[in-house]
Amino acid sequence: MKIQVPDVDPIVDLISLVLHSGGLPGRRPLSVLLCAPSGNGKTRITDRFENGPGIHRSGFMTRSGLVYLLREHDRWKTLHHIILTDFTSSMAGTSETGLALQTIIMLMIYDGLSDYNTSFIRGLHLPPGVSIKVGIIAGVVPSIIRRRRLEWEENGFLRRFLPVSYRYTSEQMKGVKVLSLQGRNVNYPSVSLNTQLWGENITVSDQLINPFIPLTEGESTADQQIRSLVLAHALRRGSTKVEDQDVERVMRLSKYITYNMPELKSQTLELPDD
C-alpha cells in the first residue's frame, strides 16, 4: 500500500537556520512563530532539535519557569534559543502573570534583558552590563494568530517574530492517520547544529545580497531577519563568507515565511501489506 506523507524538510531547514542565528555576533537570535493547524506535526518538527547548552525545549512556559531557567546554573550565559511547543497556552493568559511573561519575552528577543530593565522581574538579578538576548521558537495554531493579531501588531510583539507556516494536504493527513493507526511513524533523524564557527564574523558583499535584501540605515525588522537567515546559512555550512548558494537557499525557503500556510510537498511511502 502506498500513502502520501508530508515532506517537512523545508520547515526543518528554516528552524535550523533560525537556531544557527544564535551564533551570529552582534545580531539578535531570530525568533519564530511556527504556525500550522493542530495535528500538523509542529511538535514532531521541533523535537528533532535536541536540548543542548544553547537550546531549551519546553511544552509550556510560565513567568516563574522562565526566570528559573535563566537563573539555573547561570544558564543565561549559554542559552540562545527556547523552543516552546505550546506557546498558545503559555501566552493565552491576560492575567498579570501572563502579561508579565509577554513583557519578559518581548524584552528578551528584542532589546535584551539587562540589570536596568529587569527590576520588575522578581527573582532575576543580572550582573551590571549583561544583556540577555534569547530567541523563541513557538508553535501556534492559526486561531490564536487571528484572535491576537491586532493586539500583537499594536504592541509590537508580532514583528519581533519571523512567521513560518505550512499545512498538510488532505492526502497527507490521511497518510499520517494510516501510520498512526498502524502504530508507525515516519522516522525523521535528529538535527545537530554546526557550532564550529560560532562567534566569527560572517562577511557579505552588498552586491551579492542587495538585489534580495537592501541594507540601508532604515532597514526594517523583516529585512534584518531575512539577512540573518542568509548569514546563518553560511555559518551552518562552515563558511565565514556569504555566497550565492546562501542567498538562493533562503529565497527558495521564503515561500514558507508567511502566515498563509502553504501546502507542503508530498513524499510517497510504501507500506507492507499485512
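How many salt bridges does a search of the whole structure find? The search finds 9, a salt bridge being a side-chain nitrogen of Lys or Arg within 4 Å of a carboxyl oxygen of Asp or Glu. Side chains of opposite charge can pair when their charged atoms come close.

This is a predicted model, in which local features need pLDDT of at least 70 and side-chain atom pairs count only at pLDDT 80 or more, while totals for chains, interfaces and linings use all residues. Residues are numbered from 1 along each chain as its sequence is written, and side-chain values use heavy atoms, with hydrogens and water left out.

Select D13 and R249. Their salt bridge has its closest N and O atoms 2.6 Å apart. D13 is in helix α1 (residues 9-20) and R249 in helix α10 (residues 244-253), so the pair links parts of the chain 236 residues apart; helices (H or I, at least four residues) and strands (E, at least two) are DSSP runs, numbered from the N terminus. D13 is buried at 12% relative accessibility, and R249 is partly exposed at 23%. Buried means under 20% relative accessible area, exposed over 50%, and partly exposed in between (1.4 Å probe, protein chains only).

Next, select R149 and E153, both in helix α6 (residues 142-154) and 4 residues apart, about one turn of the helix. Their closest N and O atoms are 3.2 Å apart in a salt bridge.

Finally, select strand β8 (residues 162-165). L162 and V164 on one side, and P163 and S165 on the other, are all buried.
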